[in-house]
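Could you walk me through this model, one selection at a time? I have the viewer open and would like to know what to click on next.

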Amino acid sequence: MADEANQIRVRLVTPERVLLEQAADSVDLPSKSGYFEVLYGHAPTVAELGAGDVIVHGGLSGAEGGKSDSRYNVSWGFVEVLPDRVTILANDALKPAEIDVPRAEQQLDRGLKLWREAGESEDAYTEALRVIAEAEAKIASANQKG
């Protein structure tokens, strides 16, 4: 199986379910300090996830075993990268088709309200930014599902 020689095993889990467990060519991950790509042989890394999309490139799909990309919206958590595998532990993860856009828009409105009412509290601003980032990531992911 020469096709799998340089593939990494990707596992995406939340407290409720395992969303993905497959081989892939590469994975794009949203860390708190920005996106990064993982390829086979990547240096061991542990990173804190931010809100955004995990994009798995070159996973097998379909009856013919063709390769395709898959996208999952994640909200916070951690990722462990080893040379031959990636384990993503997300607080929440959804396929773009599972995202409730009206609910995400309500979450964005709530985050903006928290921002306006934060006053002098650094913790309130931090929480508002977290809520806003999560909502914006969900809306962006849902808009890319087609």
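**A tour of side-chain contacts**

Start by selecting R11 and E21, whose side chains form a salt bridge at 3.4 Å, N to O (a side-chain nitrogen of Lys or Arg within 4 Å of a carboxyl oxygen of Asp or Glu). R11 belongs to strand β1 (residues 8–13) and E21 to strand β2 (residues 18–24), so this pair ties together parts ten residues apart in sequence. Helices (H or I, at least four residues) and strands (E, at least two) are DSSP runs, numbered from the N terminus.

A word on the model: it is predicted, local features need pLDDT of at least 70, side-chain atom pairs count only at pLDDT 80 or more, and totals for chains, interfaces and linings use all residues. Residues are numbered from 1 along each chain as its sequence is written, and side-chain values use heavy atoms, leaving out hydrogens and water.

Next, select D53 and R71, another salt bridge, at 2.8 Å, N to O. D53 sits in strand β5 (residues 45–61) and R71 in strand β6 (residues 66–82), so parts 18 residues apart in sequence are tied together. D53 is buried, at 5% relative accessible area, whereas R71 is partly exposed, at 26% (buried is under 20%, exposed over 50%, partly exposed in between, with a 1.4 Å probe and protein chains only).

Now move to helix α2 and pick R130 and E127, three residues apart, about one turn of the helix. Their side chains meet in a salt bridge at 2.7 Å, N to O.
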